[in-house]
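The following paragraphs accompany a predicted model.

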Amino acid sequence: MKTFKNIGLLTSGGDSPGMNAAIRAIVRTATYHQVQPFGIMRGYQGMIEGEILPLQTTDVSNIIQRGGTMLKTARSKEFMTSEGMQKAYEQLMRHNIEALVLIGGDGTFRGATAFFEQYNIPAIGLPGTIDNDLNGTDFTIGFDTAVNTAVEAIDKIRDTAAAHDRLFIIEVMGRDAGYIALHSGIACGAEHVFIPEQQEILDEILHSIQDDQKRKKLTNIIVVAEGDEYGGALKLQQTIQKAMPTIESRVSILGHIQRGGSPTANDRMLASRLGHAAVEALLQGKSMMMAGMVNNEVVFTPFASCTKLQKPMPHDLMAMIHVLAK
Ligand code: F6P
């Protein structure tokens, strides 16, 4: 067992529902092991600027159910410079912080790796992003909530789509990742899903919509990830409209509502288990690894292997959509 007097924790990158539940688990597990947790505000930027405060167990009361992050978050460009890292290191030393727990995505882990190489500060990461685009975990903290938010919205849109016999193109978040589109699309019975990882053949989709029209299946739901090759919902609508001028279509962009709201029970469970495991892992001497959940077991994956590129895309689910929507 290692002993640390003080550890720091931060949230970085886009916030995701469940980050607060993870903060709570980290603070309470550290305190249980007589380690003093310090909250670092606004991610790496707050570390540079010395916005660091000790946290007691009562400071994390009544947050498990809240979206956002009590520590706030940011994407810091300054931390990527050697001057920024030097300032951050000096601030950690002022508070005698010997190790870190980081909640964020692969940008967060890249920052921690560069920092460790320079200053040898051990760190354990938690996957905190709605995008689910990290290898080493079946699901990231916030993904389940974001998908449920999208599903609730798409169900409502389907009511009006059916009432008017319209084609709806609904854009969900995911600049580089299509997991929210894929899961919400399947859960809502979407006819088509467009994701960045797999290019759909537009002609085939147009053909299928025309076919549906002939069969008097006039309501069509297309879910598109914002980062899809065809350029998001508005561009896709233009393309479809050009090919089929008589079809009536509408666009709905769900946007940041997917990032907020009270986390689902699944996200709270995931955040609690991983937050607890992260502190225990640091005390066991683990470092530069992400705590993830694979087949309902906590596993640790080196930061370098956590990137999206290494996460296998479930192409079988894409194929299934066309079968189920007919
Ligand atoms: O990484 C999460 C995410 O919500 C992406 O899906 C989205 O593209 C991006 O963040 C948006 O970031 P911002 O809120 O900074 O515009």
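Glu 51 is partly exposed, with a relative accessible area of 29%. This residue forms a salt bridge with Arg 42, in which the closest N and O atoms are 2.2 Å apart. Arg 42 is likewise classed as partly exposed, at 25% relative accessibility.

The structure holds 11 salt bridges. Another of them joins Glu 78 to Lys 87, with 3.0 Å between the closest N and O atoms. Glu 78 is partly exposed at a relative accessible area of 27%, and Lys 87 is partly exposed at 39%. In helix α5 (residues 143-164), Glu 152 and Lys 156 lie 4 residues apart, about one turn of the helix. Their salt bridge has its closest N and O atoms 3.5 Å apart. Glu 152 counts as partly exposed at 49% relative accessibility, whereas Lys 156, at 54%, counts as exposed. Salt bridges with shared partners also link Arg 42, Glu 49 and Glu 51 into one network.

Just after the helix, Asn 96 adopts a positive phi of about 55°.

A nonpolar patch on the surface is formed by Met 320, Val 323 and Leu 324, which together have about 290 Å² of accessible area. Val 323 belongs to helix α10 (residues 315-324) and is exposed, with a relative accessible area of 61%.

Technical notes: Residues numbered from 1 in each chain as written. Predicted model: local features only at pLDDT ≥ 70, side-chain atom pairs only at ≥ 80, totals over all residues. Heavy atoms only, no water. Patch = residues over 30% accessible without salt bridge, like charges linked within 9 Å, V, L, I, M, F, W, Y side chains within 5 Å. Areas by Shrake-Rupley, 256 points an atom, 1.4 Å probe, with all protein chains shown as cover. Salt bridge = Lys/Arg side-chain N within 4 Å of Asp/Glu carboxyl O. Helix = DSSP H or I, 4+ residues; strand = E, 2+ residues; numbered from the N terminus. Buried < 20%, exposed > 50% of the residue type's maximum accessible area, 1.4 Å probe, protein only.
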